[in-house]
Amino acid sequence: MAIAVRKTESDMVDAYWEALRTLSVRAKLKLASLLTTAAFEEESRRDTALQSRKTRKVVRRASSVPSDEELQARFSGKDTPSIPEDPSWSQVINSNTGKTIQPIEKWL
């Protein structure tokens with residue numbers, strides 16, 4: 001039976017630090033620059049992954065659409081058409097009584 005011992009990140013850092021103490025100053029500086037570069041690259045990858053939304057320009061599809069001012073000028077001085085009165089329900093029922101609706105008959 002195999003047992004895997006897992007160390008936390010802080011334990012790993014402490015273990016690496018003990019090994020790094022034996023290195024020369026030049027090696028420590030090179031390691032520091034490599035770690036810094038790796039950290040900045042990881043940060044930039046994370047930022048670019050979050051900025052996946054692109055700003056889109058609104059495309060105008062209709063041509064020659066009049067502005068509000070042009071519409072106001074075009075219809076100024078003209079009478080508004082009258083709205084017809086709604087018929088009463090009794091008129092609607094009487095006009096449709098006894099009639100069948102052919103599309104519904106075909107469907108049934």
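S44 is found in helix α2, which spans residues 25-50. In this predicted model, S44 has a relative accessibility of 39%. The residue therefore counts as partly exposed, since that class lies between the limits of 20% for buried and 50% for exposed. One of its polar atoms lies 2.9 Å from the backbone oxygen of E41.

The protein has 5 helices and 0 strands. From the N terminus, the order reads α-α-α-α-α. The exposed surface comes to about 11700 Å². Carbon and sulfur atoms supply 57% of that area.

Helix α3 follows this pattern. It comprises 8 residues, and the count of buried residues among them is 0. The helix is thus hardly covered. Just after α3, G77 adopts a positive phi of about 85 degrees.

The mean pLDDT of the protein is 79, and 79% of the residues score at least 70. Among the elements, helix α3 (residues 68-75) has the highest mean pLDDT, at 89. Helix α5 (residues 102-107) has the lowest, at 66. Where pLDDT is low, predicted coordinates should not be read in detail.

Conventions. Residues numbered from 1 in each chain as written. Predicted model: local features only at pLDDT ≥ 70, side-chain atom pairs only at ≥ 80, totals over all residues. Heavy atoms only, no water. Helix = DSSP H or I, 4+ residues; strand = E, 2+ residues; numbered from the N terminus. Areas by Shrake-Rupley, 256 points an atom, 1.4 Å probe, with all protein chains shown as cover. pLDDT = per-residue confidence, 0-100. Buried < 20%, exposed > 50% of the residue type's maximum accessible area, 1.4 Å probe, protein only. Polar contact = N/O pair within 3.5 Å; in protein donor to acceptor, adjacent residues only side chain to side chain.
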